[in-house]
Amino acid sequence: MAGRRDRSQQLRGSRIAIAILIGIFIGCVCAVLFPNGFFNSNSSLSATERLSKSSNKVGSSACESPERVKMLKSDFVSLSEKNAELKKQIRELTQKLQLAEQGSDSARKQVLALGTQIKAGPFGTVKSLRTNPTILPDESVNPRLAKILEEIAVDKEVIVALANANVKAMLEVQIASIKRVGITNYLVVALDDYIENFCKENDVAYYKRDPDKDVDTVGKTGGNHAVSGLKFRVLREFLQLGYGVLLSDVDIVFLQNPFSHLYRDSDVESMSDGHDNHTAYGFNDVFDEPSMGWARYAHTMRIWVFNSGFFYLRPTIPAIELLDRVADRLSKAKVWDQAVFNEELFYPSHPEYIALHASKRVMDMYEFMNSKVLFKTVRKNHELKKKVKPVIVHVNYHPDKLYRMQAVVEFYVNGKQDALDSFPDGSE
């Protein structure tokens, strides 16, 4: 019994020793086949090269059979396939992670990119950022326009007006007002040859865009509203070049230099279609629904729209995104550019929609005056008529634009006190 037990222990010991030796041998083979690990993608040798070299070494070993080498090759192919599948899964997961970061986490990352995190100060001292940083100018976008702007811009700012032959008479009144005030940083984007020649003859700075079928078709034949919609595509290059742009429709008379009256603390600074403090600057409007009983009153916030015919854009990313969004929507549907302009500015983020995060300011409605304010309020109020001298008057509410523009010049420039009296309040 003792001898059998000793032999059994010796046999077990031999098996353990053999298992250890086999394990060491397999480890050596794996070290030769995979010197940088099973899943290392940075190995300098290709799988084929490693297999060739390892096969030679294994083949030269007297203690390894051809069947064993064949089995190792099979295992290697299997592991390579698994490794490729894992790499594919890693790529897919990385892409999903990047998309997730661009969505829910993008706001936090943008804030961190703007500067170091700070602690909130005591009560009453906390003030949020008012302005976004301007972009880095890129003259390669349009070298020809860059050269023009370098010559005429003042403090990297310019007034831009788009015009074709259909609005030539109003453009003449506007240019006369520009020269009278002494504004030098004024540029006409000529949408046809007629306006180009007109600018040359009258010594007015102009810019003729390179041929563009989509723009040229509207620019040469479009009416006032159609031409107005083009500005969102045209202005993008001005901002990319690093210039602040004051966009002006041609139905505007300049009475002072507007750049002396801008705040420049927002991405978008626009005149309003509002006609009093409430409508221009916003108010709490209470909606009454008696059927709701105790909850019949619902408070709403209202503001008259920004006027898309006169606004100032700082060269910031949100301002450029605004132009892109509006231009994209106008290219896909026949909608009013002013409605789209305001929707993109004011709609908040909600399910399936991410809002534009642009800061905005309403211009003083008596300095940057629309024609409703002038003809319904100012001209009928002796004090306002006497004391208020607007920076600009925009004849946006009335179709007889040219005649009202001429009357504005007669009243504010030539001092003709009854120049505004013959016009009706509205368009009747």
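## Strand β9 and its partners

Strand β4 (residues 244–248) pairs with β9 in the antiparallel sense over four bridges, where pairing requires that DSSP finds at least two bridges between two strands. Within β9, Y312 stands opposite L246. Strand β6 (residues 268–272) also pairs with β9 in the antiparallel sense, over four bridges, and V268 has L313 of β9 as its bridge partner.

Eight of the eight residues of β9 (residues 306–313) are buried, so the strand is largely enclosed by the rest of the structure; buried means under 20% relative accessible area, with a 1.4 Å probe and protein chains only.

## Basis of the description

The model is predicted, so that local features need pLDDT of at least 70 and side-chain atom pairs count only at pLDDT 80 or more, while totals for chains, interfaces and linings use all residues. Residues are numbered from 1 along each chain as its sequence is written, and side-chain values use heavy atoms, with hydrogens and water left out.

Helices (H or I, at least four residues) and strands (E, at least two) are DSSP runs, numbered from the N terminus.

## Residue F232

F232 lies in helix α9 (residues 224–240) and is buried, with a relative accessible area of 1%. Not counting residues up to four places away in sequence, F232 touches S308, F311, L323, V326, A327, L330, D337 and F341, contact meaning heavy atoms within 4.5 Å. The C-alpha atoms of F232 and L323 are separated by 5.0 Å, although these residues are 91 residues apart along the chain.

Methods: Buried < 20%, exposed > 50% of the residue type's maximum accessible area, 1.4 Å probe, protein only.
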